[in-house]
Amino acid sequence: MAVNDIQIRAARLSDLDQLAPMLAALWPTSSAQEHAQELRLLLGGKADAVLTMPLTIFVAEASDQTLVGFLEVDLRSHADGCNPSQPVGYIEGWYVAEDYRQRGVGARLIASAEDWARSHRCIEIASDALINNEVSQRAHQALGYEVVDRCVHYRKQLVTQ
Ligand SMILES: CC(C)(COP(=O)(O)OP(=O)(O)OC[C@H]1O[C@@H](n2cnc3c(N)ncnc32)[C@H](O)[C@@H]1OP(=O)(O)O)[C@@H](O)C(=O)NCCC(=O)NCCS
């Protein structure tokens, strides 16, 4: 498959059956069925009921209509390292199916997210990656994203249940 055979476009409700398993692959704490429920609201025109800021999902579609990746981007009022005086685009999720990686599909999804953020008057876009996700960190940096912070999350039990 040539990368030019892949089309990047906004997700639609009819993508739900292919999209939900990809969301579950990236965010396995929710099942594909749970992701499908949320996607139904987002893609069915009822996003306003669950969102306060604009959000969109881009998909990468092969010429046989198979979806091979997605990217979810929204606006955040602020993000680490970014100018706090205006909203920034934020990459919430970025995923390419294993067989299609390292062919430029992820870069094209990111380019679409950046265009979307620009169209919402953002001058910056931000993202994050887990500390042990070296592939994601390398890919972000290859695409011009600079590290602004590294963070360790803590928890402490306050009440025994
Ligand atoms: C991160 C991910 C979306 C990248 O998608 P991709 O289609 O492979 O990315 P591309 O082929 O467009 O590569 C984009 C850049 O990252 C670099 N890159 C991608 N995979 C890489 C790897 N395994 N090692 C080193 N660099 C890599 C590429 O070389 C390219 O840089 P270049 O333009 O200088 O050549 C994909 O690896 C993935 O889905 N991973 C699992 C889910 C995940 O971790 N998502 C990110 C969550 S924060």
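**Salt bridges and overall build**

Arg138 and Glu134 sit four residues apart in helix H4 (residues 134-142), so about one helical turn separates them. The two form a salt bridge, and their closest N and O atoms are 3.6 Å apart. Arg138 is exposed, at a relative accessible area of 57%. The model in view is a predicted one.

Elsewhere, salt bridges with shared partners tie Arg9, Asp15 and Glu61 into one network. Within this group, Arg9 pairs with Asp15, and the closest N and O atoms lie 2.9 Å apart. Are these two residues buried or exposed? Arg9 has 9% relative accessibility. That is under 20%, so Arg9 counts as buried. Asp15 has a relative accessible area of 4% and is buried as well.

Helix H3 (residues 105-119) holds another pair. Asp115 bridges to Arg118, with the closest N and O atoms 2.8 Å apart. The spacing here is three residues, which means about one helical turn between Asp115 and Arg118. Arg118 has a relative accessible area of 52%. The cut-off for exposed is over 50%, so Arg118 is exposed. In total, the protein has five salt bridges.

Now step back to the fold. How many helices and strands does the protein have? The secondary structure comprises four helices and five strands. Along the sequence, they are ordered β-α-α-β-β-β-α-β-α. Contacts tell how the chain comes together. Of those with a separation of 6 or more, 57% link residues 24 or more positions apart.

Next, the dimensions. The C-alpha trace spans about 50 × 40 × 30 Å along its principal axes. For 161 residues, a compact globule would have a radius of gyration near 15 Å. The protein has 17 Å, which agrees.

Buried residues account for 37% of the 161 residues. The accessible surface amounts to about 10500 Å². Carbon and sulfur atoms contribute 48% of that surface. The protein carries 14 positive and 21 negative side chains. The centres of these two sets lie 2 Å apart.

Key:
Residues are numbered from 1 along each chain as its sequence is written. This is a predicted model: local features need pLDDT of at least 70, side-chain atom pairs count only at pLDDT 80 or more; totals for chains, interfaces and linings use all residues. Side-chain values use heavy atoms; hydrogens and water are left out. A salt bridge is a side-chain nitrogen of Lys or Arg within 4 Å of a carboxyl oxygen of Asp or Glu. Buried means under 20% relative accessible area, exposed over 50%, partly exposed in between (1.4 Å probe, protein chains only). Helices (H or I, at least four residues) and strands (E, at least two) are DSSP runs, numbered from the N terminus. The radius of gyration is taken over C-alpha atoms; the globule rule is 2.2 Å times the number of residues to the power 0.38. Contact means heavy atoms within 4.5 Å. Accessible areas come from the Shrake-Rupley method with a 1.4 Å probe; for residues, only the protein chains shown count as cover. Lys and Arg count as positive and Asp and Glu as negative; His and the chain ends are not counted. The place of a charge is taken as NZ of Lys, CZ of Arg, CG of Asp or CD of Glu.
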